[in-house]
Amino acid sequence: MVDATHGTHPTDAPDVRTPGEPAFDDHHPPRLDLISDCVHCGFCLPTCPTYVLWGEEMDSPRGRIYLMKEGRDGEPMTDSMVQHFDLCLGCMACVTACPSGVQYDRLIEDTRQQVERRHPRSPRDRALRATIFRLFPYPRRMRLVRGPLRAYQATGLQSLVARTGLLPRLFPTLSTLESLAPRLSRARRLPRRVPARGERRAVVGMLTGCVQSAFFPDVNAATARILAAEGCEVVIPRTQGCCGALSVHNGRESEAQRFARSLLDTFRDVDIDYFVVNAAGCGSSLKEYSELLRDDPTYAPRAAEFAAKVRDLSEVLVELGPVAPRHPLELTVAYHDACHLAHAQGVRAQPRQLLRGIPGLELREITDPEICCGSAGIWNVLNPEPAAQLGERKARDVLATGAQVLVTANPGCLMQIASSVQRIGGSIRLAHTAQVLDASIRGVPLPV
Ligand code: SF4
Ligand code: SF4
């Protein structure tokens with residue numbers, strides 16, 4: 001638990017309550033029965049990153065639920081109301097903390113869809129969101145960005161631009177994106193099918209992802225190798241696209257549904273035991289496909305069947321049990337719980353169990369593990385200043401462990417923590433859980 005620091009609120013919008021139509025329409029408004037589960041106890045407040053930052057009731061889970069109730073009571077959707085919803089990171093720390101079992105995840109998802117459908121955004125906000133959603137959920141477009149970005153990093157142009165200090169002043173969003181981008185290395189294409197090593201214990205489909213495949217291809221390669229080493233035949237269709245996580249977490253319902261249907265079609269004729277995901281945000285929305293496609297009589301049953309097979313990499317490895325021998329890795333490791341793995345999927349023990357199973361590896365815990373690092377999908381791009389504050393808080397806690405490597409299971413967290421550590425002048429190696437396990441199974445040092 002942490003104390004609220006009560007800093008400056010980034011928007012401070014006036015509460016313009018003009019008479020108008022009710023905030024929500026009839027298409028899945030936040031459910032009244034779920035709203036009424038909240039008993040206003042406040043146990044969730046200290047775990048909410050926005051409440052920790054500003055100490056504002058309306059930027060707490062309880063305050064946001066109150067605003068949803070107002071909307072259900074017929075109040076109009078004001079700019080101020082939307083800002084409080086927009087500023088929610090969707091980290092779901094409140095879901096874990098709530099003793100009354102309030103399904104805030106359901107509530108905020110339905111609310112965000114209402115906001116996206118009904119609230120007119122400013123031209124700047126619209127343009128920024130349009131750019132993000134024309135790029136990020138498209139693996140091919142993301143891969144096209146790789147080449148120029150890699151050249152920008154490798155030629156020294158990035159350092160030159162940094163020395164001028166002009167980028168943040170002239171193009172703040174571009175500067176945020178540039179600071180988050182990891183150092184890119186050469187990417188190798190994964191085969192469409194990777195055979196199991198030894199006796200085949202399962203056939204698994206694997207999600208390659210959008211950001212993961214473009215910026216962290218080594219994580220995907222490591223994931224496929226581990227699965228094969230543990231007796232899984234890995235099916236990796238090249239036609240797969242985005243799972244829709246980014247869209248669903250930002251209220252873009254029909255876009256998310258389109259991505260979900262397409263992914264279901266890609267794996268329609270593939271007989272798999274599990275569908276394995278190595279990005280926390282993607283895993284949590286894949287597990288909720290039946291909810292996303294609940295109104296679609298054709299896809300809803302398939303979505304439910306598919307969602308039941310979805311596993312985070314760490315879950316499937318623990319479920320199957322290890323067969324591949326582990327080689328020692330003499331490392332101290334701090335493990336960071338990605339919110340969409342720990343809070344949204346309840347996966348905390350499995351990654352730690354896998355890491356502790358590596359001889360020589362010492363696992364260290366980070367203070368206030370429940371507090372988000374500020375990445376939260378595209379939240380850090382839309383809200384760079386508070387994201388930087390949360391990132392730096394997390395970076396300090398990570399460095400305080402004294403660990404040599406920070407390990408986590410989400411590309412967004414890796415980028416956010418790496419850039420935050422750099423900004424505060426610290427230094428630590430970062431790796432995905434898959435890379436650490438892969439190094440141990442292969443008996444090679446962890447790649448730098
Ligand atoms: S999801 Fe996270 S940011 Fe949003 S209300 Fe809950 S704890 Fe706060
Ligand atoms: S969401 Fe849960 S923890 Fe938070 S105030 Fe409501 S009942 Fe209490």
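Residues are numbered from 1 along each chain as its sequence is written, and chains are lettered from A and ligands numbered from 1 in the order in which they are written. Because the model is predicted, local features need pLDDT of at least 70 and side-chain atom pairs count only at pLDDT 80 or more, while totals for chains, interfaces and linings use all residues; side-chain values use heavy atoms, with hydrogens and water left out.

The shell around ligand 1 consists of C48, P49, P61, R64, C88, L89, G90, C91, M92, C94 and Y104, where a residue is taken as near a molecule if one of its heavy atoms lies within 4 Å of it. By class, this shell holds 9 nonpolar residues, 1 polar and 1 charged. Ala, Val, Leu, Ile, Met, Phe, Trp, Tyr, Cys and Pro count as nonpolar, Asp, Glu, Lys and Arg as charged, and the others, Gly among them, as polar. Ligand 2 has 13 residues around it, of which C38, C41, G42, C44 and C98 come nearest. The shell of ligand 2 divides into 9 nonpolar, 3 polar and 1 charged residues.

Cavities and pockets were located on a 1 Å grid over the protein atoms alone. A cavity is a set of points where a 1.4 Å probe fits but cannot get out, and a pocket is an open set with protein on both sides within 12 Å along at least five of seven lines; lining residues have an atom within 4 Å of a point. Grid points are joined across faces, edges and corners, and a volume is the space filled by probe spheres set on the points. Across the whole structure, 6 cavities of 30 Å³ or more were found.

The largest cavity has a volume of about 120 Å³. Its lining comprises 16 residues, with C38, C44, I65, C98 and V102 closest to its centre. This cavity is the space taken by ligand 2, a molecule being assigned to a cavity if more than half of its atoms lie within 2 Å of its grid points. Helix α3 (residues 61-72) contributes the most to the lining, with 3 residues; helices (H or I, at least four residues) and strands (E, at least two) are DSSP runs, numbered from the N terminus. The lining of the largest cavity is made up of 12 nonpolar, 3 polar and 1 charged residues.

The second largest cavity, of about 90 Å³, is lined by M92, V95, D105, E109, H249, S284, E288, H340, H343 and A344. Its lining has 3 nonpolar, 4 polar and 3 charged residues. M92 belongs to this lining and also to the residues around ligand 1.

The second largest pocket has a volume of about 1500 Å³. Of its 50 lining residues, A181, P182, R183, A418 and Q422 lie nearest the centre. Elements that give two or more residues to this lining include α8 (139-154), α13 (217-229), α23 (384-400) and β9 (429-432). Helix α24 gives the most, with 9 residues. The lining of the second largest pocket divides into 27 nonpolar, 16 polar and 7 charged residues.

Helix α25 spans residues 433-442 and contains T433. Of the 10 residues of α25, 9 are buried, so the helix is largely enclosed by the rest of the structure. Buried means under 20% relative accessible area, exposed over 50%, and partly exposed in between (1.4 Å probe, protein chains only). T433 itself is buried, at a relative accessible area of 5%. Apart from residues up to four places away in sequence, T433 touches Y335, L355, V407, T408 and A409, contact meaning heavy atoms within 4.5 Å. T433 and N278 are 155 residues apart in sequence, yet 8.8 Å apart in space, C-alpha to C-alpha. Just after α25, G443 takes a positive phi of about 70 degrees.

V316 lies in helix α19 (residues 313-320) and is buried, with 0% relative accessibility. Neighbours within four places in sequence aside, V316 is in contact with L227, Y274, V276 and R311.
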